[in-house]
Amino acid sequence: MTDQTGTIGSDGWQRLITARAAYTRSAGIHYDEVLNHVAQRAQSEGSIGKADIGALLLFKHCAPTPPGPAR
């Protein structure tokens, strides 16, 4: 997936894109809502603050686990 420099090749990117799509289908679009809000704010402001980091830590600590693949 990566070469010796740590660069992800095209096959690695495709695997990541496929995995992200599968995750979104199984977890639902609202599961990572807090993460998306913090990412958008950090991108628009150009930095991330302590409150944003705290929100992410609390969110992932308290969030229910998304459903796994059907067995």
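Biologist: What distance does helix H2 (residues 33-45) reach from its first C-alpha to its last?
Modeller: Helices here are DSSP runs (H or I, at least four residues; strands are E, at least two), numbered from the N terminus. The expected span of a helix is 1.5 Å times one less than its number of residues. H2 has 13 residues and an expected span of 18 Å, and its reach is close to that, at 18 Å.

Biologist: Before we go on, what sort of model is this?
Modeller: Residues are numbered from 1 along each chain as its sequence is written, and side-chain values use heavy atoms, with hydrogens and water left out. Local features need pLDDT of at least 70, side-chain atom pairs count only at pLDDT 80 or more, and totals for chains, interfaces and linings use all residues, since the model is predicted.

Biologist: Which helix has the highest confidence?
Modeller: Confidence means pLDDT, the predictor's score for each residue from 0 to 100. The protein chain averages 79, with 75% of the residues at 70 or more. Among the helices, H3 is lowest at a mean of 82, while a mean of 89 makes the highest H2.

Biologist: What pattern does the protein chain follow along the sequence?
Modeller: The chain has three helices and zero strands. Read in order, that gives α-α-α.

Biologist: Which residue forms a salt bridge with Asp-52?
Modeller: A salt bridge needs a side-chain nitrogen of Lys or Arg within 4 Å of a carboxyl oxygen of Asp or Glu, and that rule gives a count of one. The closest N and O atoms of this pair are 2.7 Å apart, and the partner of Asp-52 is Arg-41. Asp-52 lies in helix H3 (residues 50-62) and its partner in H2, so the bridge ties together parts 11 residues apart in sequence. Side chains of opposite charge can pair when their charged atoms come close, and here the partner is Arg-41.

Biologist: Is Asp-52 buried or exposed?
Modeller: Buried means under 20% relative accessible area, exposed over 50%, partly exposed in between (1.4 Å probe, protein chains only). Arg-41, at 36%, is partly exposed. Asp-52 has 7% relative accessibility, so it counts as buried.

Biologist: Which residues is Asp-52 in contact with, leaving aside neighbours within four places in sequence?
Modeller: Contact means heavy atoms within 4.5 Å. By that test, Asp-52 meets Val-38 and Arg-41.

Biologist: How far apart in space are Ala-42 and Asp-52?
Modeller: Ala-42 is found in H2 and is buried, with a relative accessible area of 18%. Not counting residues up to four places away, Ala-42 touches Ser-47 and Ile-48. Ala-42 and Asp-52 are 10 residues apart in sequence, and their C-alpha distance is 8.3 Å.

Biologist: What is the area of the nonpolar surface patch?
Modeller: Patches use residues with over 30% relative accessible area and no salt bridge, joining like charges within 9 Å and nonpolar side chains (Val, Leu, Ile, Met, Phe, Trp, Tyr) within 5 Å. Leu-16 lies in H1 (residues 10-27) and is partly exposed at 37%. Areas come from the Shrake-Rupley method with a 1.4 Å probe, and for residues only the protein chains shown count as cover. Together, Trp-13, Leu-16 and Ile-17 make a patch of about 310 Å².

Biologist: What share of the 71 residues counts as buried?
Modeller: The protein chain exposes about 5900 Å², and carbon and sulfur atoms supply 61% of it. The buried share of the residues is 13%.
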